[in-house]
Amino acid sequence: MSSDLTLYHWEPNANSGKPMLTLVEKGVSFNSHYIDLLAFDQHKPDYLAINPMGTIPAMTHGSRLLNESTAMMEYVEEAFPGPAMMPDDPVDRWRVRWWMKFLDQWLCPSFSMIGWSIFIGPQVRARDPRELEAAIERIPLPERRIAWRKAIYGLFSAEELAESRRRVDLGIGMLEDALAKREYLGSNQYSLADINLFNSAYGLPSQQPDDVNDEKTPNIMRWLRSVARRPAVKQTWTYSRVPRFAERILPLIEEATA
Ligand SMILES: N[C@@H](CCC(=O)N[C@@H](CS)C(=O)NCC(=O)O)C(=O)O
């Protein structure tokens, strides 16, 4: 499909999944450009010419470059018609933004650190050490260079990982409480806050089955299944190329449609 909008993304997961699911929910057509994070495509000259930060996702709309996944979701919400992904009521809008800030600044970086230490790092560790060092040196943002080094060489400290686990445990409790009060995270309406969270949380029942399950977190499970059941979510998964990610979402979708 040809469109003046191109989304540069990896898996429909975490940051890449956020603008992608927003586009699909709103029925906006876009060109999909898959950037293979594990092949370091995001640091190659072709992509740096589009997004000099060397991070994904990014989006071009005509001559505009848009990056930062949450700001991208808000852009899509405001620039295109289609179902509203923000509630009308000011206090509901505040709550949506509160949760997105909490997710972006506090909880998701901890999901990410754990994911990078157990999944991303081990995936690339076995490659030729010289090639890996050269690949790390090509990363434009110093903080991303540090994150890659820590993931590849197993250098996240015990304290850092313990703090991330503490935040994930606390965050799960906060989400369960919030979803006991309302159908969705920010209000009783599905919104950008749900899109934001879902893309980082759909793997929790398979990754942390002792912490996120029908007995301990019935409201998170209800919410996960209800979001997984959305046709737009299923559509985003057609862009996946890494089976390990897709396999985590399948049990949710299967139970939801059973
Ligand atoms: N705050 C940015 C973070 C972007 C980001 O760091 N994305 C990760 C993937 S989720 C990335 O590009 N990692 C690859 C790398 O650092 O090389 C956003 O929300 O878009």
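Mentor: Start with helix H8, residues 192-201, which is mostly covered: 10 of its 10 residues are buried. Keep in mind that this is a predicted model.

Trainee: OK. Which residues of H8 are the buried ones?

Mentor: Leu192, Ala193, Asp194, Ile195 and Asn196 are among them.

Trainee: Which residues are buried in H6?

Mentor: Trp148, Ala151 and Ile152 are buried there. They sit on the same side of H6, because they cover an arc of only 95° around the axis.

Trainee: What about the face turned away from that buried side?

Mentor: That face of H6 carries Pro142 and Glu143, which are exposed.

Trainee: What covers the buried residues of H6?

Mentor: Helix H4 (90-124) and helix H5 (129-137) are included in that cover.

Trainee: What happens just after H6?

Mentor: Gly154 comes there, with a positive phi of about 65°.

Trainee: Switching to strands. What order do they have in the sheet?

Mentor: The order is E2-E1-E3-E4. It is an open sheet of 4 strands, and the pairing is mixed.

Trainee: Which strands stand at the edges?

Mentor: Strand E2 (31-34) and strand E4 (64-67). Each has a single partner strand, so one side of each is left without a neighbour in the sheet. From one strand to the next, the twist averages 20°.

Trainee: Remind me what holds strands together?

Mentor: Strands of a sheet pair through backbone hydrogen bonds, either parallel or antiparallel.

Trainee: So are E1 and E3 parallel or antiparallel?

Mentor: Antiparallel, over 4 bridges. E1 is residues 5-9 and E3 is residues 58-61. For an example to click on, Leu7 has Met59 in E3 as its bridge partner.

Trainee: And E3 with E4, parallel or antiparallel?

Mentor: E3 and E4 pair in the antiparallel sense, over 4 bridges. Ala58 has Asn67 in E4 as its bridge partner. The two strands form a hairpin with 2 residues between them. Gly62 in the turn has a positive phi of about 60°.

Trainee: Which helix lies across E1 and E3?

Mentor: Helix H1, residues 14-26, and it runs at about 150° to E1.

Trainee: What about phi at Phe40?

Mentor: Phi of Phe40 is positive, near 60°, and the residue is not a glycine. Phe40 lies in the loop between E2 and H2.

Trainee: Is Phe40 buried or exposed, and why?

Mentor: Phe40 counts as buried, because it has 20 C-beta neighbours inside 10 Å. The cut-off for buried is 20 or more.

Trainee: And Glu68?

Mentor: Glu68 is another residue other than glycine with a positive phi, near 70°. It sits in the loop between E4 and H3. Glu68 has 17 C-beta neighbours inside 10 Å, so it counts as partly exposed.

Trainee: Last topic. What does UniProt place on residues 3-84?

Mentor: An unreviewed UniProt entry gives "domain: GST N-terminal" for them. In the model, residues 3-84 are 34% helix and 21% strand. The end C-alpha atoms of that span are 21 Å apart.

Trainee: And residues 89-252?

Mentor: UniProt has "domain: GST C-terminal" there, again from an unreviewed entry. That span is 74% helix and 0% strand, and its end C-alpha atoms lie 31 Å apart.

Key: Residues are numbered from 1 along each chain as its sequence is written. This is a predicted model: local features need pLDDT of at least 70, side-chain atom pairs count only at pLDDT 80 or more; totals for chains, interfaces and linings use all residues. Two strands pair if DSSP finds at least two bridges between them. Axes are lines fitted to C-alpha atoms, for helices over the stretch in contact, and angles run from 0 to 180 degrees between N-to-C directions. Two residues are in contact if their C-beta atoms, placed from the backbone, lie within 7 Å. UniProt positions are given in the numbering used here, feature names are shortened, and annotations may be inferred rather than shown by experiment. A residue is buried if 20 or more other C-beta atoms lie within 10 Å of its own, exposed if 12 or fewer, and partly exposed in between; C-beta atoms are placed from the backbone. The arc is that of the directions from the helix axis to the C-beta atoms.
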